[in-house]
Amino acid sequence: MSGHGDPIPMTARRAGPLTGVAEVPGDKSISHRSLILGALSVGETRISGLLEGQDVLDTAKAMRAFGAEVTHHGAGEWTVNGVGVGGFAEPEDVIDCGNSGTGVRLIMGAMATSPITATFTGDASLRGRPMGRITDPIALFGAQSHGRQGGRLPMTIVGAADPVPVRYTVPMPSAQVKSAVLLAGLNAPGQTVVIEKEATRDHTERMLAGFGAEITVEETDEGRVITLTGQPELTPQTIVVPRDPSSAAFPVCAALIVEGSDVLVPNIGLNPTRAGLFTTLQEMGADLTFENPREEGGEPVADLRARFSPDMKGIEVPPERAPSMIDEYPILSVVACFAAGQTIMRGVKELRVKESDRIDAMARGLEANGARIEEDEDTLIVHGMGPGGLPGGAVAQARLDHRIAMSFLCAGMAAQQPVSVDDAGPIATSFPIFEPLMETLGAQLQRTKA
Ligand code: S3P
């Protein structure tokens, strides 16, 4: 879908306040994992609240290609009849993961320890992203990979016929890499150990335990040491996917910067490895309240209320918080434009290898819209202009990146002049109802001519 259809140019302009209830879609990370772990179980996994964005639909299709029966029963309701650990069949055709780094990296890990060969590709954004971070560790299990220069897709993985377990320290903070190694470890005999120096989102660990795998996590001087016992029989689960905090970030942040707004986002996942943005916003002086905190399906959830916050101040975001808000820096840099003073984001170089180089995409688009930005390889600094301060008036390039497109549209809801994106199409990868949902809250979005 993204990158394949005609571009959808879109413009957001300042309108009335944003008010009401924002029912954002299911969590993307948990949705991918539900399908993959369901496919690796024996029997029927039931999923409700699955994100039906293109990224996750591409993973569903891939799981079918590896032999699982994946059935859609109605809005968010899915079942997966799995083939069991080690039961993947060899796909007959190329696996196209579209725009999804999470999809392709987790699936490469999951098939790397089976005696099958699979070829992976994706859209122009995904074909530009580094896969060496996956092919390095899966080689230790005995898998081979043959890709383009720089470890890029398309790429063929020849799974290990006699996999050995590994001990692997993840070299960059990446939940995708950690998860790929754990999924590969599922079909290796003995114990696979993954060490991460900085904690990243832990849905894979939580869900593996839920599916009955033997997995332990220890906090040590080396970091988080995760030990998985290979070749378990995973038992199918009933999964209720919480709403995605990374999607909630858009209506929440838009409410903070649009005068008079008051928005409630019910039932959002607040796993501490994902909630760094909300801590940061509160430190900036945002009016956020968490109502009805509770636990659902092993994940903490709450209803989040956000109100217009005219007194926000720029802060320095602690670099150690980056993994818990890595997807939220684009929208934070928009909020920062409407705060007083500088917001300094350090330790963010992983943003350069997301769906786009997100530091460059935000810096260029915000500058075009009148903001003053400083950046280096690992840092983004936004000079705030206070409530209503961003001039706007320009077109930003979305670069096949859903979060860049949504960030600039939120900027346009509060800027002096409208803000446009050249292509809102990629939004469908993670938040297919963004446009109607924001319009129901009171936003003015318009599909414009290229
Ligand atoms: C994800 C991990 C993060 C994040 C991505 C989803 C996951 O990527 O940016 O949107 O579900 O594991 P990295 O592992 O590259 O940091």
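In this structure, a side-chain N or O atom of Arg 33 lies 2.7 Å from an oxygen atom of the ligand. Such a polar contact is a pair of N or O atoms within 3.5 Å; within protein, one must be able to donate a hydrogen and the other to accept it, and residues adjacent in sequence count only if both atoms are side-chain atoms. The table sets out this contact with two others.

| Residue | Part of the residue | Distance to a ligand oxygen atom |
|---|---|---|
| Arg 33 | side chain | 2.7 Å |
| Ser 29 | side chain | 2.7 Å |
| Gln 176 | backbone | 2.8 Å |

On its own the ligand has 390 Å² of accessible area, and the protein covers 95% of it. Accessible areas come from the Shrake-Rupley method with a 1.4 Å probe; for residues, only the protein chains shown count as cover.

The model is predicted: local features need pLDDT of at least 70 and side-chain atom pairs count only at pLDDT 80 or more, while totals for chains, interfaces and linings use all residues. Residues are numbered from 1 along each chain as its sequence is written, and side-chain values use heavy atoms, with hydrogens and water left out.

The shell around the ligand (residues with a heavy atom within 4 Å of it) includes Lys 28, Thr 102, Arg 201, Asp 327 and Lys 354. By class, the shell has three nonpolar, four polar and five charged residues. Here Ala, Val, Leu, Ile, Met, Phe, Trp, Tyr, Cys and Pro count as nonpolar, Asp, Glu, Lys and Arg as charged, and the others, Gly among them, as polar.

Helices α1 (28-39) and α6 (175-185) each supply at least two shell residues, and α1 gives the most, with three. Helices (H or I, at least four residues) and strands (E, at least two) are DSSP runs, numbered from the N terminus. Domain 1 (10-26 + 242-447) and domain 2 (28-239) each give at least three residues to the shell; the domain bounds come from an automatic or database domain assignment.

Some backbone features follow. The peptide bond from Leu 153 to Pro 154 is cis, with omega near -5°, and Pro 154 is in strand β9 (residues 152-158). Asn 292, in strand β16 (residues 287-296), is not a glycine but has a positive phi near 50°.
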